[in-house]
Structure formats: C-alpha cells, structure tokens
Amino acid sequence: MSRYIRGRAMRRGAEGGEVPRGGQGLIAQLRNPPGGRNARIMLLALALDRTGSGLWASSSVLYFTFVTHLSVQQVGVLLGVAGVAGIIGSPLAGHLAGRFPVRSLLIGCHLLRLVALSLLLVCTGFDALLPIVAVTYLGDRAAKTLEMLFATRTAGERRAAYQALSRSASNAGYGLGAGIAAIGLAVGTHGAYTALILGDALSFVVAAALVWRTREPRDNSVVEVARPDDTAAGATAGNQPAARQANPWRDRGYLRFVLLDILMNIDDSILNVGLPLWLVNHTSAPHALVPAFLVINTVMVVVLQMSVSARTEGPRLAARAVLLYGILMFVCCTVVAAATRGGTWAATVVLLAAALLVTLAELMRSVSSWELAVLLAPQDARASYLGVAGMSSSVQKFAGPPLLTGVVMAAGPAGWIALGAVVAGLSVVQWSACSRRLRMLSPPRPEETASSPPRPKETVSSPPRPKGTGHPSPRSLADRGRREDRVADGDAGTTWDHDVHGSGKDPIVRR
C-alpha cells in the first residue's frame, strides 16, 4: 500500500501539479538543487566548463584567421567537419553510457577535450587542425549528452527543475567567458590568444576534477506501483529472462520526434546568425545593436528559466509548450520580416522585440524538448535513446545557418514568414505525435492499480438468508456492507481462505 501511495505521489509530481521549493530564489535553488550534493557539484562543473567554452567560441574564428593564417574557405571547411563530428558525438555517448558508468565517461570527455585543445598550440597547419578540431567538437557534444544523462538519473522526477538550473548556470558561465574573451581580443596579440586557449583548457581540468568528486548516479525516475506479486512497476521478475533492450534506431515514433525536433531548435541559428545578418544587410539599424541580442538572451535565460520550467514540467505541460514554441516562432519571424519597413528607430525596436520573442521561444524549447526526450524513451534503454535525441541540436547547428542564409534570407521578408509558418505547423504535428505516444506510455490510473490484484469472482458472499424469506434481513445487509467496505479499502483484516487445490473461498473477516 505504501508503494502505491508513493507511486501516486511521484506521478502527481511528474505531471507538474506539485513543484517542490518553487518559491525559492535562484541562488537558494543552486545551493540546494534537485539531486543534492551530486547535482550541486555538477552545476559548478558545468558553469566552469561553459566559461571556458565562452572563451574559445568567441575567439576561435579569429584565432584560425590571424594566428594560424587559414583562408576563409579553410575555416568554413574546418567548422563544417567539426559540426559533422559533433553530430556523431551524441549517439556515441548514449551508446557507451548504456555499458559504462556515466561519471567515468564524462571525465574521459573532459580529458579528451583538454588534450585536443592543447594540441592547437603546437599544430598550425590545416591538415593537422582538421582532426584536432573535429575531436574537440565530438567531445563537446558527447559531454553535453552525458551531462543530460547524469542529470536525468540524479534529479529523478525533478529533472526539469535541474535542467532550468543548468541552463541558468551555463548561460552565466558562457557570458562570463565571452566577456573575458572580449578583453583578449581587444589586445589581439599571439600571447592573448594563447592565454584564452589555456583558460579553456584549465576549465576542462577543473570540471574533470569536480566530476571525479561525484558519485555514479542511479536512475531514480522509476515510478513504483503496487503489484500483485509485490514487485515495482518496470522491474523484471527474477524468474523471467530480461527482455531485449529497445533500439532507438528502429523506433519510428522516437525518430520522428528527433527529426521534428531539429527544426524546433532553429531559434539558436536565428539568434546567432539570422538576426545579426538581417540587421546588417537588410535594415538601417545600427550595427552596435548586435551584441544587445546576446545580452537580452543571456539575462532572460538566467532570470526566467526557473519560472518557465515550473510551468512546463511534466508530460502534458511539456507537450503544450511545443505548441507555444510554434506560436512564438511564427510571431518572431513575422516581426523580423517587418524590420525592413521604417527608419532606423523602427528597425531597432522591431529587432529588439524579435530578440525578446526568440529568447522566450528558446526558454520553452530548452526544457520541453529535453523533458519529452526523457519521457518518450523506454526506461531500460534511456541512455541510447537520449544519445539519439541529442543529435537534433547538433544537426540544427550544422544545417541551420545554411538554411537561413541560402533559403530564408534569399527570399526576403516572405522567406521569414514562410519559415515561421512551417515551424508553427510542425509544432502542431510534434505536439500531436508526442501526446499520442505519452498516452500509450502513461501508467495505469490509481484506481485501476488499486484494484489490479486478482480476486475471486465471489467478492463477498452474503450470510445465509433466514428461512421463509425471499430477501436478506436488515442486519445481514449492514454486515455485508461493512465487509465490502473493508475489502474495497484493502483492509489488512480481510484474508482469503484457500483449499488444498488453491481455489478461492469466501473471505474470512476478522473481528
């Protein structure tokens, strides 16, 4: 009975009805995150890792141009190959996580990135840089997938709240790294670029040391429900052979979710590529406005991510957030298309509004996409499924910029409106498919679970009727009513008598 109550409470939390500690501030929740000590250490490691990533991401293109003296075409090929390697990193990490400890794999990814980044200081030729940068990006994407798996197992049913905290910590770290990189880029010397690379390498060392201090997480997201054989839901009986693990590459429904999720990540390319290029080439807004897009994005994510996650936690709310994402993206693209009309001030206001809208869409997508990826995956193969789900972000980063520059912007304002309409339409398809799959995977209702143990057909037999009457006496009706109530409530005083053959007889009610 206690397992049933616990399982019911866990399901109620998973549906977003109860969000513990929702009233605490961001700093308080970072000190006491879902998952306890493991989560607190991991959030610190993640913030330091992203600080180093901010150092490198802000200076990598200029480093390849002014220090290693690569041509524009070579830099493009270098980043393109690195993007493909990043796509491979996510499913590879998921595959390995199903066979080896996540903690050890994550430490290995940090050390791999450390070695690859250190080689940049001694390798300057294009042929040597190509595999080094590819390995760096592969390790980066693999590390992010492993961090997601670590969080899923550590935070359990409150994984959405943990994801919101990790997003806030990541953006704060990334913004700090970009700010430090700006100082180095202003100096512009070879030593300044070397210092930025060493700073990124140092972040990998510290992150690996912090992960080493954690304990290997266990998957705490199984919902326990009372069973007739006194086993929890999702557990395999000891006398039964384990079923073959599900394969995400053969799960058409999940692959469709991942495929649609690629375009559901287009907000990243719009913010970092679409808005700056549209401002420079198609509007009269000042070029100094471009950094404001990233400032708006960083501040809003740090401040609002926890509040948004509390409203998108659980299956139903996460699926509905997909619809809201489509609406916000359609409005955002329409606003961007309108930026070509009017003067400088009008274009400035419109583009700032577009940055606000695309950030709101990102807030919805960042939590709901991850939550749905976890909920739609089978429990016994979650690592490999989440590895495949991580490909959507990598594919978008690789294909999103060419889509915007070669198709959307080439078509002018009509291209933006068409993009918004496509994203909104696909969000409806994604919502419908996710809702249908969630209904298929949803656990049984509490009342069905409570009545699941098999009972004999004669639930309660009535006492012998008095001779000469066609109906039971009032006292017998009252006794039978009390006994039925006790049986329905699962009273411990009601037992079932069995004969030597195991056939059910009338219940014996202890008085």
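Predicted model: local features only at pLDDT ≥ 70, side-chain atom pairs only at ≥ 80, totals over all residues.
Which residue forms a salt bridge with R113, the closest N and O atoms being 3.2 Å apart? The partner is D140.

D49 belongs to helix 3 (residues 36-66), while R113 belongs to helix 5 (residues 102-119), so the pair ties together parts that are 64 residues apart in sequence. D49 and R113 are both buried.

## Other salt bridges and the network

How many salt bridges does the structure hold? The number is nine. Another of them is between the side chains of R365 and D267, with a distance of 2.7 Å from N to O. This pair links distant parts of the chain, since R365 is in helix 13 (residues 344-375) and D267 is in helix 10 (residues 267-282), 98 residues apart. Both R365 and D267 are buried. Salt bridges with shared partners also join D49, R50, R113, D140, K144 and E147 into one network.

## Patches on the surface

Two surface patches are described here. One is positive and is formed by R37, R40, R213 and R215. Of these residues, R215 is placed in the loop between helix 8 (190-212) and helix 9 (252-263). R215 has a relative accessibility of 57%, so it counts as exposed; the cut-off for exposed is over 50%.

The other patch is nonpolar, covers about 380 Å², and is made by L44, L48, L202, V205 and V206. Helix 3 and helix 8 each supply at least two of its residues. Which helix gives the most to the nonpolar patch? Helix 8 does, with three residues. L202 is located in helix 8, and L202 is exposed, with a relative accessible area of 53%.

Helix 7 (residues 159-187) has 29 residues. From its first C-alpha to its last, helix 7 reaches 42 Å, close to the 42 Å expected at 1.5 Å a residue.

R159 is found in helix 7. Is R159 buried or exposed? R159 is buried, with a relative accessible area of 3%. R159 and P34 are 125 residues apart in sequence, but their C-alpha atoms are 7.4 Å apart in space. Just after helix 7 comes G188, which takes a positive phi of about 75°.

## A positive phi at H69

Most residues other than glycine have a negative phi. H69 is not a glycine, yet it has a positive phi of about 60°. Where is H69 placed? H69 sits in the loop between helix 3 and helix 4 (72-97). With 62% relative accessibility, H69 counts as exposed.

L106 lies in helix 5 and is buried, with a relative accessible area of 0%.

L138 lies in helix 6. Its relative accessibility is 23%, so L138 counts as partly exposed; that class lies between the cut-offs for buried and exposed, under 20% and over 50%.

Terms used
Residues numbered from 1 in each chain as written. Heavy atoms only, no water. Salt bridge = Lys/Arg side-chain N within 4 Å of Asp/Glu carboxyl O. Helix = DSSP H or I, 4+ residues; strand = E, 2+ residues; numbered from the N terminus. Buried < 20%, exposed > 50% of the residue type's maximum accessible area, 1.4 Å probe, protein only. Patch = residues over 30% accessible without salt bridge, like charges linked within 9 Å, V, L, I, M, F, W, Y side chains within 5 Å. Areas by Shrake-Rupley, 256 points an atom, 1.4 Å probe, with all protein chains shown as cover. Lys, Arg positive; Asp, Glu negative; His and termini not counted. Charge placed at Lys NZ, Arg CZ, Asp CG, Glu CD. Expected span 1.5 Å × (residues − 1).
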